[in-house]
Amino acid sequence: VDGKGWRSGATVERRKLNQWVLKITDCAEDLLAAIDDGRLKDWPDNVRAMQRNWIGKSKGATVWWPIAEAPAALPPGSGHARDPVEVFTTRPDTLFGASFLAMAPDHPLTQTIAKNDPKVAAFVARAAQGGTSEADIEKAEKFGVDLGLRVRHPFDPSRMLPVWSANFVLSGYGAGAIFGCPGHDQRDHEFASKYGLPILPVVLPEGEDAAAFSVADKAFAGEGKLYNSEFLNGLSGDAGIGAAIARLEELGLGRGETQWRLRDWGVSRQRFWGCPIPAIHCPACGVVPVRDEDLPVELPDIP
């Protein structure tokens with residue numbers, strides 16, 4: 001409740017750890033196929049739906065946003081100042097509604113800037129004390145910090161967007177960065193309203209008048225036709241997504257891509273009575289994986 005460990009009294013915070021993992025992500029497509037090919041025919045429908053969501057196949061686009069301005073806290077030679085910011089989105093058709101980018105607190109750019117900017121460092125420390133699950137993050141207060149970065153819009157280089165770091169962005173999804181489309185995402189809308197960022201409508205509901213339609217008070221997350229979107233105007237659904245991806249690829253600023261919610265499983269404990277990690281600690285070569293033909297590794301039978 002107070003953000004402290006019940007036994008030690010230490011502040012609870014997220015930290016990166018080195019540990020063994022099972023690379024189950026290599027099996028993502030097979031796991032998804034198994035839900036519908038009859039192997040799980042006796043499973044309840046709701047459980048199979050939960051499995052699909054857990055695997056989480058998302059089709060969309062990776063978008064590269066060229067950095068136009070870098071803050072003093074991101075010195076030349078830091079390895080990031082000239083790189084485009086990478087974002088994965090399932091809705092590239094709404095790119096004209098972007099008003100900001102947001103990075104995870106542990107994104108490499110956020111971390112680099114935090115080393116030289118006390119305000120960003122304080123934000124990172126505060127964000128590390130929050131919950132780590134999507135449910136916890138969704139319920140928590142949304143807060144962020146302007147990183148001082150500015151990127152160019154991939155479809156309109158004359159438009160520059162601010163780059164923030166926000167506590168609701170997960171480093172494990174995509175490249176750990178999103179573009180905020182507050183007109184059509186309620187979470188982004190709340191964040192934009194809190195920090196005075198633009199809210200731009202680009203999806204018009206059926207039957208609405210474009211001149212009168214407003215998303216100032218609440219995001220519209222439903223279906224409709226694109227407008228205020230230049231070459232995408234009048235398109236909807238897959239047609240708009242396809243046209244946006246095609247233009248990104250033509251410009252060399254993005255590509256169509258599939259992402260997965262599934263992550264590699266951590267092997268958090270190693271015990272003699274547990275599953276052995278198939279790796280050999282070689283004094284000459286370091287840690288070497290056991291060859292496939294030598295699996296499974298069996299522990300000695302000790303009575």
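Before anything else, a note on terms: helices (H or I, at least four residues) and strands (E, at least two) are DSSP runs, numbered from the N terminus.

I'm working on a predicted model, where local features need pLDDT of at least 70, side-chain atom pairs count only at pLDDT 80 or more, and totals for chains, interfaces and linings use all residues. Residues are numbered from 1 along each chain as its sequence is written, and side-chain values use heavy atoms, with hydrogens and water left out.

I went to Asn228 in the loop between strand 10 (225-226) and helix 7 (237-251). Its phi is near 55°, positive in a residue other than glycine. I looked up its accessibility too: Asn228 comes out at 48% relative accessibility, so I log it as partly exposed (buried is under 20% relative accessible area, exposed over 50%, partly exposed in between, with a 1.4 Å probe and protein chains only).

Glu230 sits in the loop between strand 10 and helix 7. I noted a positive phi of about 50° for Glu230, and Glu230 is not a glycine either.

Then I checked for cis peptides. The bond from Leu295 to Pro296 is cis, with omega near 0°. Pro296 belongs to the segment after strand 14 (286-289).

**Largest pocket.** My working definition: on a 1 Å grid over the protein atoms alone, a pocket is an open set of points where a 1.4 Å probe fits, with protein on both sides within 12 Å along at least five of seven lines; lining residues have an atom within 4 Å of a point. Points are joined across faces, edges and corners, and the volume is the space filled by probe spheres set on them.

The largest pocket holds about 1400 Å³. I get 42 lining residues, with Phe168, Val169, Leu170, Ser171 and Tyr173 closest to the centre. Strand 4 (85-89), helix 4 (118-127), helix 5 (134-139), strand 8 (177-180) and helix 6 (186-195) each put at least two residues into this lining. By class I have 18 nonpolar, 12 polar and 12 charged (nonpolar: Ala, Val, Leu, Ile, Met, Phe, Trp, Tyr, Cys and Pro; charged: Asp, Glu, Lys and Arg; polar: the others, Gly among them).

**Second largest pocket.** This one has about 200 Å³ of space. Of its 13 lining residues, Trp20, Val21, Leu22, Ile277 and Pro278 are closest to the centre. Strand 1 (20-22) and strand 14 each supply at least two, and strand 1 gives the most, with three.
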